[in-house]
Amino acid sequence: MAGRPLVIEVGQVAKQANGAAIVRYGDTVVLVAATASEKPREGIDFFPLTVDYEEKQYAAGKIPGGFIKREGRATELATLSARLIDRPIRPLFPQGFRNDVHVVATVLSVDKDNAPDVIAMIGASVALNISNIPFEAPIAGVVVGMVDGQLVINPTVEETQKSAMHITVAGTREAIMMVEGSADEIPEDQVLDAIFFAHEEIKRLCDFQEPIIEELKVPKFEVQTFGIDPAMEEEVRTYATPILDQAVRNPDKKSRETSMDQAKDSIMEHFAEIYPDNVGDIDALLDTVLKDVVRSMLIDDGERVDGRELDEIRPVTCEVGFLPRPHGSGLFTRGQTQVLSITTLGAASEEQILDGLGIENSKRYIHHYNFPPYSVGEVRPMRGPGRREIGHGALAERALLAVLPSQEEFPYTIRVVSEVLESNGSSSMGSVCGSSLSLMHAGVPIKRPVAGVAMGLVKREDKFAIMTDIQGIEDALGDMDFKLAGTEIGVTAIQMDIKITGVNREIVAAALEKARKGRMFIMGKMMETIAEPNTELSPYAPRLTRMMVPVDKIREIIGPGGKTIHKIVDETGCKIDIEDDGTLFIMATDEEAAHKAKSLIDAIIAEVEVGKTYTGTVKRIMDFGAFVEIIPGVLGTQGKEGLVHISQLDLERVNKVTDIVNIGDKIDVKVTEIDKQGRVNLSRKALLRERKPD
């Protein structure tokens with residue numbers, strides 16, 4: 001694959017799992033094991049699939065950080081990798097399958113040029129296909145990059161650093177199942193080409209797995225699903241369809257949910273007397289009828305439950321400066337989805353340190369996404385961020401990375417937090433829009449604003465309908481959730497999840513084009529509020545002063561045990577960071593404090609210059625001259641002094657040093673020499689001669 005050896009091994013390890021495979025790609029090795037419960041879980045109406053992606057630090061020759069020295073909670077990268085595997089395999093299990101399935105991918109060895117996440121995806125496919133767990137077809141995944149205008153499969157680290165896109169594509173031999181990634185403002189037609197360029201490699205990888213699957217031919221166990229009497233089903237459908245059709249047509253989410261609940265209650269009450277022993281079956285059937293009603297409205301009539309046209313975007317309003325104290329804030333509202341994004345600027349030392357197996361060790365732009373229960377009118381406990389929150393935050397983060405200024409241009413650590421205040425579809429893209437507003441309000445000089453929109457799909461045989469700006473019910477009952485973010489120039493982030501067995505090029509092309517139009521409409525609304533970044537930072541944002549200091553002076557600034565730099569911080573209230581190359585940052589909200597800190601540092605690193613005049617203080621008197629401190633020591637550091645020889649004290653002969661100066665006197669002197677031993681020779685006489693009238 002991409003010119004590097006790919007090896008799949010089965011039958012040697014993890015033999016008590018239903019299926020297991022070791023996949024080797026270069027020096028990257030991943031073990032994937034799949035297990036399933038023998039019986040379906042009772043009382044649920046969903047497929048209980050769990051995918052775990054285990055990063056082992058030994059894979060990269062590392063010992064975990066912290067006190068415990070063992071891997072703990074999954075890193076964000078591990079969580080995102082688990083989602084990458086989950087999304088393309090989930091639609092390929094049988095409809096109505098309720099057995100618990102657990103897929104565990106363990107990264108055993110890492111070669112940085114060969115990413116383990118797509119290898120784990122292939123391993124999951126093999127493990128499931130050689131097991132007795134029902135699974136429809138082999139899948140595969142690859143990363144596609146663009147280096148010097150050429151598409152590249154699974155770019156190496158060197159190629160990744162030069163690549164204009166990094167998009168992970170997964171699918172079967174027949175169709176695309178999942179797309180996720182970022183791009184550097186790449187036009188939609190090039191993104192489309194990249195996706196299907198990747199699909200050609202995916203087809204070859206599926207063919208590569210086929211002989212292994214065929215040779216083993218493990219029989220699949222029977223799927224237990226509930227059945228319903230056809231006559232009863234027809235009766236329920238006939239009665240329920242017009243009632244649900246009327247109840248679901250409502251532009252307001254809460255009112256629609258109330259009317260649907262009332263409609264379902266009345267239908268259940270009607271049939272409870274007729275079929276008292278089939279209440280559970282009828283309740284489950286009503287969800288199917290509702291899905292058919294909504295899908296029929298979209299495909300056959302081109303109508304949406306809230307009355308919009310298929311391409312119509314809900315009303316958009318934008319506001320910046322919603323919060324007075326944070327460094328930047330943007331409130332983005334689209335229909336009944338509302339996101340408040342808040343920007344905070346910090347010192348370079350506040351960047352996030354990454355303790356994982358990825359290429360990056362730190363990041364200076366951090367995006368966090370929060371989805372509290374009140375945003376959807378629910379009552380549930382508040383916990384830490386789940387996979388959904390981590391995934392949506394990462395998507396919004398990728399969307400904005402392409403337009404952020406470089407660290408040299410804007411040497412701040414930037415954190416944006418998106419608080420979802422109300423949700424009815426595509427809060428992640430609302431986060432992109434709100435964050436773009438917030439960054440511009442904060443004065444972050446982004447290249448261009450970024451907007452995002454979510455597309456939906458319903459497909460029946462050869463007919464399909466694509467919806468722009470989907471709301472929650474269209475996402476839940478549809479076949480695709482396609483999120484796309486970008487600037488006026490091109491795409492910066494893309495995420496496509498498919499709930500059916502895949503989509504073809506025609507559908508993806510149509511979705512990309514509709515998404516572009518929708519994105520530009522939303523961007524127009526955003527730019528009516530704020531068209532470009534503010535030129536001034538918030539008065540509460542830290543001001544950053546950058547200066548270069550000699551590398552050999554860093555030790556003096558820090559002082560023994562950090563004593564000197566801590567004194568500067570305590571004295572001024574500033575935050576100070578020093579990099580190995582001598583770049584020094586002073587961060588303070590008070591300009592006077594920053595100036596004071598800079599003055600102290602200047603004093604510490606100041607060097608005596610030959611020919612320069614100084615006003616110094618006499619510190620010591622000897623028979624042969626006076627020692628004068630010409631650069632005072634600060635915060636306990638030693639000052640710099642030189643010797644004024646008795647012969648250099650005056651124009652006339654001096655018999656005794658104290659005839660001219662005493663300890664504590666302030667005198668002007670000129671540096672005449674710095675000898676090979678670093679000793680400084682000063683002269684008062686030279687200045688007197690220069691100043692003597694002709």
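This is a predicted model: local features need pLDDT of at least 70, side-chain atom pairs count only at pLDDT 80 or more; totals for chains, interfaces and linings use all residues.
Met 622 is partly exposed, with a relative accessible area of 35%. Met 622 belongs to strand E24, which covers residues 613-622. Setting aside residues up to four places away in sequence, Met 622 touches Phe 627 and Val 657. Computed along the chain, Met 622 and Phe 521 are 101 residues apart, and their C-alpha atoms are 82 Å apart in space.

## Helix pairs

Two packed helices are described by the angle between their axes and the distance between the axes.

| Helix pair | Angle between axes | Distance between axes |
|---|---|---|
| H1 (residues 76-89) and H2 | about 40 degrees | 9 Å |
| H2 (residues 116-129) and H4 (residues 188-216) | about 30 degrees | 10 Å |
| H13 (residues 563-572) and H14 (residues 591-605) | about 155 degrees | 9 Å |

For H13 and H14, the angle of about 155 degrees lies over the cut-off of 145 degrees, so the two helices count as roughly antiparallel. H13 passes H14 in a right-handed crossing. On the H13 side the contact is made by Thr 564, Ile 568, Glu 571 and Thr 572, and on the H14 side by Ala 593, Lys 596, Ala 597, Leu 600, Ile 601 and Ile 604. Sorted by class, the residues of this contact are six nonpolar, two polar and two charged.

H1 and H2 pack at an angle of about 40 degrees, and they are therefore oblique to each other. Their crossing is right-handed. H1 contributes Ser 81, Leu 84, Ile 85, Pro 88 and Ile 89 to the contact, while H2 contributes Asp 117, Ala 120, Met 121, Ala 124 and Leu 128. The classes here are eight nonpolar, one polar and one charged.

H2 also packs against H4, at an angle of about 30 degrees. That angle is under 35 degrees, and H2 and H4 are therefore roughly parallel to each other. H2 passes H4 in a right-handed crossing. From H2, the residues Ile 122, Ser 125, Val 126 and Asn 129 meet Leu 205, Gln 209 and Ile 213 of H4. This contact of H2 with H4 divides into four nonpolar residues, three polar and no charged.

## Nonpolar cores

The largest nonpolar core has 156 residues, and the members that touch the most others are Ile 89, Phe 93, Val 101 and Val 103. H4 gives the most to this core, with 11 residues. Another core lies apart from it and has 19 residues, including Met 547, Val 549, Ile 576 and Ala 593. Ala 593 is also one of the H14 residues in the contact with H13.

Beyond its neighbours within four places in sequence, Val 103 is in contact with Val 32, Ala 33, Ala 34, Leu 49, Thr 50, Val 51, Asp 52, Ile 89, Ala 124 and Leu 128. Among these partners, Ile 89 of H1 and Ala 124 and Leu 128 of H2 also take part in the contact between those two helices.

## Loop residues

Most residues other than glycine have a negative phi. Asn 154 is not a glycine, yet its phi is positive, at about 45 degrees. Asn 154 sits in the loop between strand E7 (150-153) and helix H3 (157-162). With a relative accessible area of 5%, Asn 154 is buried.

Lys 217 likewise has a positive phi of about 45 degrees without being a glycine. The place of Lys 217 is the loop between H4 and helix H5 (230-248). Lys 217 has a relative accessible area of 58% and is exposed.

Glu 488 is found in the loop between strand E19 (480-486) and strand E20 (491-498). Its relative accessibility is 53%, and Glu 488 therefore counts as exposed. Not counting residues up to four places away in sequence, Glu 488 touches Arg 448, Met 520 and Met 523. Glu 488 and Val 143 are 345 residues apart along the chain, and their C-alpha atoms are separated by 25 Å.

Conventions
Residues are numbered from 1 along each chain as its sequence is written. Side-chain values use heavy atoms; hydrogens and water are left out. Axes are lines fitted to C-alpha atoms, for helices over the stretch in contact, and angles run from 0 to 180 degrees between N-to-C directions. Helices (H or I, at least four residues) and strands (E, at least two) are DSSP runs, numbered from the N terminus. Angles under 35 degrees count as roughly parallel, over 145 as roughly antiparallel, 65 to 115 as roughly perpendicular and the rest as oblique. A crossing is left-handed if the near helix is turned anticlockwise from the far one by less than a right angle, and right-handed if clockwise. Contact means heavy atoms within 4.5 Å. Ala, Val, Leu, Ile, Met, Phe, Trp, Tyr, Cys and Pro count as nonpolar, Asp, Glu, Lys and Arg as charged, and the others, Gly among them, as polar. Buried means under 20% relative accessible area, exposed over 50%, partly exposed in between (1.4 Å probe, protein chains only). A nonpolar core is a set of buried Ala, Val, Leu, Ile, Met, Phe, Trp, Tyr and Cys residues joined through side-chain atoms within 4.5 Å.
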